[in-house]
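Work through the exercises below with the sequence and the structure at hand, and try each task before reading its solution.

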Amino acid sequence: MTTAPTRPRGASTTRTAGGVAERLLRNPTLGPLAALVLAIVVFSVTTDTFLTLDNVSLVVQQSLIVATLALGQTLIILTAGIDLANASIMVLGTLVFAKMAQQGTSPLLAMLIGAVVCTGLGAVSGALVTRLKLPPFIVTLGMLTIVTALGRLYSEGNSWPVTSDLLGFLGSGSYLFGYFYVTPGMLLMVVMFVLTWYALAHTAWGKHVYAVGNDPEAARLTGIHVDRTVFSVYVVAGIIYAIAAWQALGRIPNADPNAFQTGNLDSITAVVIGGTSLFGGRGGVWGTVVGAFIVAVLRSGLTQAGIDSLYQDVATGILVIAAVTLDQWARRRSL
Amino acid sequence: MSSAAASSRSPRSPRSPRSRGRVASRACAVAVAGALTVGVTACSQTKAGSQSAPAGTQGAGAVKVGLVTKTDTNPYFVKLRDSAKEEATKQGAELIALAGKFDGDNEGQVAAIENLVQQGVKGILITPNNSTGILGALKKAKDRGVLVIALDTETDPKEAVDATYATNNVTAGELQGKYVKAALGSTPPKVLMIDGTAGGTVDEQRHRGFLQGMGLAEGDPAILGKENANGDQNKAQTAMENLLQRASGVNAVYTLNEPSARGAFAALKAKNLTGKVKLASIDGGCQGVQDVKDGKYLATVMQFPKKMAAQGVAAVATFAKDGTKPTGFQDTGAQLISDTPVPGLDIKDTAWGLQNCWG
Amino acid sequence: MNTAGDDRATPTLQARGLVKRYGRVTAIDGADFEILPGEIMAVIGDNGAGKSTLIKALSGAVVPDAGEILLDGSPVAFTSPLDARRAGIETVYQTLAVASAMDIASNLFLGREMRRPGVLGSVFRMLDHKAMRAAAQEQLDSLGVATVQNIGQIVETLSGGQRQAVAVSRAAMFGRKVVIMDEPTAALGVKESGQVLDLIRRIRDRGLPVILISHNMPHVFEVADRIHVHRMGRRAALVRPADHTMSEVVALMTGALRFDEEGRLVDAAGHRAEVDDQGHTITEAR
C-alpha cells in the first residue's frame, strides 16, 4: 500500500505465526487427508485383509450413500446452514421410487417423480430459510420430523423391495481387471463430486455460495443476491438427495421407512471431518470425500482388526472433535 | 506373498472365483500402490501360489465367528453378545461383534457383513433387520463359503441363511394370548395391543400368535386399538395413555416386549386400571421376571437368547472342524412365567424365572 | 451559505433538497450536496446529524421522500445500492464488505466475476481466474498497493490497512463516477491511515471524485479539497480546508459558529468570530 518499491519493514504481509494456520485455511483438506492416509497405512500394516482390491472396493461402496448425502450437506454447510432432513428426504425418495415402480408405474417415471419430490422438499427448506428468515437448524429439524412421518405414511409402514433393474442399477457392477469390483454408483459419485467441485470452484455461483456463507452482509453489499443463492443451494441439495436415493437402492435393494435414521448426522460427520467449517464459507467437496472415506475406512479397518464396533464410534467422535478444533485454531491464528 | 501367509487366511469354497482371487487381489493392491508394471506379474504369481495352498487348512489363528446384532444398545442383544462371547471362549474361537446403529439400519448391517467376510470369519451369526435389504450381502457371504446363521429373527425368505436359531415367535405370542384368555375366563375380551415396528417380522409373528392364542381374528371388534411403540418403554407409555383416552372397558393388553409392558403398566396405573386389566408380555429378561413377581403384569413368555448364541457359536465351530452345516429352524423354546397359574398351561413361577432369565 | 462553491463545472453528483423521514423523525431535511469531478469532498457531522442517511441516499441504500439526485447533471432515482453501482457509484463500507475467507482477487471481483470467453464461459459458465487475477494485480499495482505480495492471498491473513486497500481498490476499479468511503481510517493506526490517505489521493488523481466520510479532522484536512459540514439534517457549510482552521470547522459542526448572510463566520449571537488553531475563539463586537 505504499508507492515505494522497497517493502517497508512494518508492513509485513502475513504474521509469521499464521504460517501453518494459513496453510490449513487455504487447504483445509490437508489435515483429514493425512488422517486418512495414516489410517490406511495402519490398517494395511496391522491386518492382512484391509488393503486388498476387494476390500478397497467395499470401502468405497460402503461410503457411497453417506458421501452423496454429505455432498448436499457440504453445499448447505458452506452457506453456514445445516440440513438435518437430508436422509429423511432421501428415504422418502427411495420409497417413492420403489413403491411406485412396484405398483406398476414405469421405473423411469417413478424416479422422475421421486426426484421432483426430493427437489421440492429441498426447495421448501430453502424457502423457509430465505423467506421466513428461520434458522436452518430449526427449519430442517421440522422437515426431518415431517418428512420421516410422510415416509412412514406413504410406505404404509412397510418396506418396498426393488423390483426393477433400473432402480437397482447403481449397485450392479463388474470386476475391473478381474479384481476390483466397480459399480455404476461409484462412477456416478465421482461424476457428481467433480461436477459440484466445478460449480463451486469455477463458476460465479460457487464464489457466491462461499461469500454468502462467509459473510452474508458483505455478500449483499457486493451485489450478490444472498437469498437467491441460499435458496438455489437447498434446491441443488434436494436434487443430490434424489440421486442419493438411487444410490441407496443400488446398495440396499429395499426401500425401508426406518432406514438411514442417522444419515443426517453421518453426513454432517463426514463434512466436518473433511474440514468444512460449520460456520460457513470454508471447505469443499474434496474434504467431504475424504471425510466419508475416513469413516468407512475406520469401520472396515477396525473390524478387520477385530475391534469392537463401539470403538469405531469412539474413533469417529474423536475425529469430529479434532477436526472442529483444528478449524477453530486455524481461524483464531489467522484473525 | 508366501504360501504360508496365504494359508493362514481361512480358505473359502473353491467354487468362488472371488475367494481364489483374494490373496492375489491384495497383492495387486500393494502393487498398484507401488509400481504398476510389476503388479501384473505379482498378481498372477500369487494367484498360483494361493491355489496351491491346501484347501481347508486352518492357520495358527483361532476360528473367527462374526456376530451382527440389530443394535448394540438393547440389553437383549447385549446379552446375546455376551453369551456368544462366552461360548466362543469355551470353543477356543474368536468372536467379532458388530451391530447396526438402530432398528432398521440395513446399511449398517450390510457393511458389517461385508467387513466380517473380508476379515475371514468362518461363520456369521446375525439378527437380521426386517427387510430384504441385507439378503444380497448374506448371499455373497454364503457364496464365499461362510456359514450364515440367523439368531432370534428369521430372514425372509428363510433360505437366505443356512439355519435359524430362534424363539418361535408365533408360539411365544400364542402363549401370551392363551394365558390372557385363560386369565380372563368367561369375560369377553376387550383388547389393546402395543406393537413394535410396522412391518417387523418378530412384531408381526408375536402379534399374530397372540391373536391365535386369544382365538381372535385380525380386525375383530374385540380389539379396541393398537399402536406401534418400537419396543420402547417411553413410547409404549405414551401409546397406552392415548389408547386409553379413547377406549373404555379395556380388560386385556398385549405388549411386544417387557419395556413396552412397563410403559403400558405405568399408563394403566395412572388410570387405576391395573387390577382390571390382564397385562402380559414376552422376553424373559430378569427385570421382566421381577416385574411379574412384583405384580406389575401377570405373566411373561421367556425366551432363551443365551441358548441361541451358544448354539450358534457351537455350530460355527463344528462347521470349521468338519464342515457340517446346521439347517432349518432350531427352536430354542419359549416358557410362560407367572405366579398366577391358570389351568391347562405349562407355567413356571418367578423363582424359576429369576434363575433362568437372560439379563 | 455556500462559501466554497464552484459553479463553473457540472457537479458529478449533486443532491437538492433531500428529505427522509423515519416515522416522526426527520433524518435529513432539505439537504443539498455536490461533488465536482476530480475532487475529494469530505463529509463531516456529529452523530445524528443525518450524515449517514445522506450518504445512503447517494449510494442507493435509502430512497429519499423528497428532493432530487443528479448524476452528471441528469436526474437519477436509485432504489437499491445495485442501481447506484450500475450508475458508477461505488461505496467502501466501514465494514469493508469483504469476504474474509476468500482471496484478494476473488474479493475484487465478488458479484462481478469475469467468465471465460467462448463456449467455456457461455455454456459452462467457467470463470476466468487468470484474467481476474491479472486485472486485480494490475489494479493494485496502479494504485501503488505494494505491500500485498500475492493476489491469491486470503483476505483474513492481511492487516487492517491491507484489507482497507482491497476494499478501496475494488471501489476504484469499478467506480466510474464517484467513490464513497465511509470512515476508511477509523480502525487503522497512524502509518496505515497515511497509506490509505495516499490511496484516496491517487484515486482522485485518476479523475475519480471521492466522498470521504470521516470523524478524523486531521485526516480530513490532509486530503479533502472541500468539506461538507452536515448539521441538523442539512448542509450547514461548505468550506475549503485552506480557508479555515480545524477548530472553526468543528465549531461549524457543533453549531457554535455559523455563516451569516454575507458569508461571514459568526457565533450564536451573530458576532463575527474566528477560532485559532489553539481553539481560542476571537470574537469582535459588532
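Two residues are in contact if their C-beta atoms, placed from the backbone, lie within 7 Å. This is a predicted model, in which local features need pLDDT of at least 70 and side-chain atom pairs count only at pLDDT 80 or more, while totals for chains, interfaces and linings use all residues. Residues are numbered from 1 along each chain as its sequence is written, and chains are lettered from A in the order in which they are written.

**Exercise 1.** Find how many residues the contact takes from chain B and from chain A.

Solution. Chain B gives 39 residues to the contact and chain A gives 35 residues. On the side of chain B that touches chain A, the elements giving two or more residues are helix H2 (17-33), strand S2 (94-99) and helix H5 (106-119), where helices (H or I, at least four residues) and strands (E, at least two) are DSSP runs numbered from the N terminus. H5(B) supplies the largest share of that side, nine residues.

**Exercise 2.** Decide whether C:Ala9 is buried or exposed, and find its contacts.

Solution. A residue is buried if 20 or more other C-beta atoms lie within 10 Å of its own, exposed if 12 or fewer, and partly exposed in between. C:Ala9 has 10 other C-beta atoms within 10 Å, and is therefore exposed. C:Ala9 lies in the segment before strand S1 (13-22) of chain C. Leaving aside neighbours within four places in sequence, C:Ala9 is in contact with C:Leu36 and C:Pro37; C:Pro37 is 28 residues away in sequence, yet 8.0 Å away in space, C-alpha to C-alpha.
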